[in-house]
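The paragraphs below take a few positions in turn.

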Amino acid sequence: MAGAYNDRDGKIWMNGQMTEWREANVHILTHAMHYASSVFEGERAYNGKIFKSREHSERLVRSAQMIDFEIPYTVDEIEAAKVEVLAASGLQDAYVRAIAWRGAGEDMGVASARNPVQLAIAAWEWGAYYGDAKMKGAKLDISKWKRPSPETIPSHAKAAGLYMICTMSKHAAEAKGCSDAMMFDYRGYVAEATGANIFFVKEGEVHTPDPDCFLNGITRQTVIGMLKDRQIKVHERHIMPEELEGFEQCWLTGTAAEVTPVGQIGDYNFEVGSITREIAESYETLVRS
């Protein structure tokens, strides 16, 4: 399946029923379009099964609650809808997108308590997020934008509005020939890439930023568990920018990114070393088991 995302064959589950792909539309006065009142999940299916599916559905519900709305479907109902979507897609390996939002209704100001909450789920083919970076390592820019304080926004929700500066950062990075951008947080600590968590290796031990103001990714948590199972020491902590020079290896984690090695961040270079390769290969085995 290729072409513009609004002009494809297939089905999308929308508000309780399967809808023709091209007809899965919303009104121009949908609240989420104007005020970013939406949350979403990105998930991957391998061999016909969505990896960590229920964890994603549970996080979707929590994210909605964090931005002050309730999804009118239970986790079990969301799970059943995803199974239906995946079957309708005919795909064994797929990217699955669930999104919930405040729709068009009686309110069109900032407040929107009377507007109905809607839910849609789609699935499509999506290959490696960073292209051939899994072999040679992705090249990252350093963003001028910082992840915001939890006092300014519900930073642990997977909410659409939190991705505005990510889009801007990734566009700026691509204009420089990079795959993505690494972001600092509001205090100046290393945070994450625009859509993936980040890990570093130094002297056989792993260091990763404490996710106290950004999303603690499901893939991140999975990889930390894999490292600990291998008796590899993991330090979840605040990381200063000047520490980048001393790290030997680096990788990104995320549903779309999976485990992607990083070869360069700004002026800092990293090797695609043994720990990085082992975790990437082991993750690939895990998701298909």
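Helices (H or I, at least four residues) and strands (E, at least two) are DSSP runs, numbered from the N terminus. The model is a predicted one, in which local features need pLDDT of at least 70 and side-chain atom pairs count only at pLDDT 80 or more, while totals for chains, interfaces and linings use all residues. Residues are numbered from 1 along each chain as its sequence is written, and side-chain values use heavy atoms, with hydrogens and water left out.

With these terms in place, N47 is found in the loop between β3 and β4 (49-50). The phi of N47 is near 55°, a positive value in a residue other than glycine. Most residues other than glycine have a negative phi. K52 likewise has a positive phi, of about 55°, although it is not a glycine. K52 lies in the loop between β4 and α2 (53-66).

How far are such positions open to solvent? Buried means under 20% relative accessible area, exposed over 50%, and partly exposed in between (1.4 Å probe, protein chains only). N47 counts as partly exposed because its relative accessibility is 45%. K52 is partly exposed as well, with a relative accessible area of 30%.

Along the sequence, G16 and I121 are 105 residues apart, yet their C-alpha atoms are 9.9 Å apart in space.

Strand β3 (residues 38-46) contains F40. Is F40 buried or exposed? F40 counts as buried because its relative accessibility is 12%. Leaving aside residues up to four places away in sequence, F40 touches L60, R97, A98, I99, K158, A159, A160 and Y163, where contact means heavy atoms within 4.5 Å. The C-alpha atoms of F40 and G217 are separated by 13 Å, and these two residues are 177 residues apart along the chain.

The last stop is a patch of charge. Which residues form the negative surface patch? It is formed by E203, E205, E248 and E271. Patches are made of residues with over 30% relative accessible area and no salt bridge, with like charges joined within 9 Å and nonpolar side chains (Val, Leu, Ile, Met, Phe, Trp, Tyr) within 5 Å. A salt bridge is a side-chain nitrogen of Lys or Arg within 4 Å of a carboxyl oxygen of Asp or Glu. E205 counts as partly exposed because its relative accessibility is 31%.

Key
Accessible areas come from the Shrake-Rupley method with a 1.4 Å probe; for residues, only the protein chains shown count as cover. Lys and Arg count as positive and Asp and Glu as negative; His and the chain ends are not counted. The place of a charge is taken as NZ of Lys, CZ of Arg, CG of Asp or CD of Glu.
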